[in-house]
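Please look over the sequence and the structure shown here before reading the briefing that follows. The points after it are grouped by topic.

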Amino acid sequence: MIRKAKRMEPIRGFGIDRVAAAADEGGRSVLRMENLDTDLPLPPEAVETTRATLENPKSNSWLPFTGDLDLRAAIADFTAERTGHRYDPEREIIITCGGMEGLLNVVLAVVDPGDEVVVTDPTYAGIVNRIRLAGGSPTFIPFLAEDGGWRFDRDALEQVVGPKTTGFLLMSPSMPSGGYLDEDDWRAVCDLCRERDLFLVYDAAMERLRFDGRPLIHPLAMDGMAERTVVVGSLSKEHRMIGWRVGWIAGPADTVSDAGWAHVYNTTMPVAISRFAATAVLRGDQGHVAECVAELERRRDTMLSGLPEWPLVSPAGGWSLLLDVASLGFEPAEASQLLLDEAQIAATGMRGWGDQVAERYIRFVFSAEPVERLQEIPDRLVGTRLGEAVAARA
């Protein structure tokens, strides 16, 4: 028997694939809310530029290993526009195969076995498990469900940050909760980073997908944070280019160089066929992002208004929202199965997506179903066991 590496012992699946496979069975008209796919339109340049450059020899080349300089320069401009900080495209930016590969590369470059990295509870299971793959241990700072939304529990920071803590890995709006860090939250995090010499890995994938007029608060704008922050970006969320697999790492040159070697020895190169489209999209008109944010906000509001008695937590941004099934007397996996069996709604349980907060919830992704379909949810839930539990609480 082949022995199992110790780094794999804490790794768990996140259940999306199992829920998706069950939803595919039987040809039912299932609301697909288990996975971060989207039906929102692509940026206008994405398909046209990809099609036009398919036969360009550079679209079928191994080189350059860390991404075209034109694309890296576009990312430098793109980041500078919203942060005021300009990265050197040659020394401080590399291109990766999506944001998640970028996160793993950075974690491999800055985390040693036994190091603790602070993430929010809940946090995407893919982030939690990348820290574990690098030999680190995730520790959790809660998002608290209060007044129908999420509040970052900055009062708990002093208890969570301990002698083994080496840094933070945070995103805002966060995935899967849609939790948002306001200026005071970021200030508290950045103060600790400076006081205790901690790094910050900032996942920027959803930073413009904010609802209710919330401002962009960027840690790079805080004093002394540029030299201790690594930004990991992606075209998969704001630009909906999931299949293009374009991500990037931007930060201090030495750290980016180390993360670049982790990238090269893992994947060799970015996805070359995406290089021209990614550059065109980042340099193109960004008005489509605001249009998609408005549509996502309509979808969120459709769910919240259609289920006023249900223990949903309103997201401040992003593609999904969470339902507190523990308050209804259900385990997440049980509630997920009941929703599929009784309401033909595919949703994923959040066990393994954090700690004590996450394990109370299931996730509804609203990025792939239009408002007309989301309006069916209240009728689908009538007579279900979950619906009966909500009625009993009223």
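Arg-240 counts as buried, because its relative accessibility is 4% and buried means under 20%. This is a predicted model, and in it Arg-240 sits in the loop between strand 8 (229–234) and strand 9 (247–250). The phi of Arg-240 is near 60°, which is a positive value in a residue other than glycine.

**Other backbone features in and around loops**

- Thr-268 also has a positive phi, of about 75°, although it is not a glycine, and its place is the loop between helix 8 and helix 9 (275–283).
- With a relative accessibility of 27%, Thr-268 counts as partly exposed, whereas Arg-240 counts as buried.
- Gly-135, which comes after helix 5, has a positive phi near 95°.
- The peptide bond that leads from Asp-121 to Pro-122 is cis, with omega near 10°, and Pro-122 belongs to the loop between strand 3 and helix 5.
- Met-175 and Pro-176 are likewise joined by a cis peptide bond, with an omega of about 10°, and Pro-176 is found in the loop between strand 6 and helix 7.

**Helix 4 against helix 8**

- The axes of helix 4 (residues 99–110) and helix 8 (residues 253–267) come within 8 Å of each other and cross at roughly 120°, and the two helices are therefore oblique to each other.
- The crossing in which helix 4 passes helix 8 is right-handed.
- On the side of helix 4 the contact is made by Glu-101, Asn-105, Val-106, Leu-108, Ala-109 and Val-110, while helix 8 contributes Thr-255, Asp-258, Ala-259, Ala-262, His-263, Asn-266 and Thr-267.
- Sorted by class, the residues in this contact between helix 4 and helix 8 are six nonpolar, five polar and two charged.

- In helix 5 (residues 125–133), the buried residues are Ala-125, Gly-126, Ile-127, Val-128, Asn-129 and Ile-131.
- The elements that cover these buried residues of helix 5 include helix 4, strand 3 (116–121), strand 4 (137–146), strand 6 (165–171) and strand 7 (199–203).
- Strand 6 is itself mostly covered, since six of its seven residues are buried.
- Strand 3 and strand 6 pair in the parallel sense over three bridges, and in strand 6 the bridge partner of Glu-116 is Thr-165.
- Strand 6 is also joined to strand 7 by five bridges, and these two strands run parallel, with Leu-169 standing opposite Val-201 in strand 7.

- Strands of a sheet pair through backbone hydrogen bonds, either parallel or antiparallel.
- An open sheet of four strands has the order 10-11-14-13, and its pairing is antiparallel.
- Strand 10 (312–313) and strand 13 (348–349) stand at the edges with a single partner strand each, so one side of each is left without a neighbour in the sheet.
- Strand 10 and strand 11 (residues 320–324) run antiparallel and are joined by two bridges, and the bridge partner of Val-313 in strand 11 is Leu-322.
- Helix 11 (residues 332–343) lies across strand 13 and strand 14 (361–365), and it runs at about 40° to strand 14.

- Arg-187, which is found in helix 7 (residues 183–196), is partly exposed, with a relative accessible area of 38%.
- Arg-187 and Glu-295 are 108 residues apart along the chain, and their C-alpha atoms are separated by 31 Å.

Terms used:
Residues are numbered from 1 along each chain as its sequence is written. This is a predicted model: local features need pLDDT of at least 70, side-chain atom pairs count only at pLDDT 80 or more; totals for chains, interfaces and linings use all residues. Side-chain values use heavy atoms; hydrogens and water are left out. Axes are lines fitted to C-alpha atoms, for helices over the stretch in contact, and angles run from 0 to 180 degrees between N-to-C directions. Angles under 35 degrees count as roughly parallel, over 145 as roughly antiparallel, 65 to 115 as roughly perpendicular and the rest as oblique. A crossing is left-handed if the near helix is turned anticlockwise from the far one by less than a right angle, and right-handed if clockwise. Contact means heavy atoms within 4.5 Å. Ala, Val, Leu, Ile, Met, Phe, Trp, Tyr, Cys and Pro count as nonpolar, Asp, Glu, Lys and Arg as charged, and the others, Gly among them, as polar. Buried means under 20% relative accessible area, exposed over 50%, partly exposed in between (1.4 Å probe, protein chains only). Two strands pair if DSSP finds at least two bridges between them.
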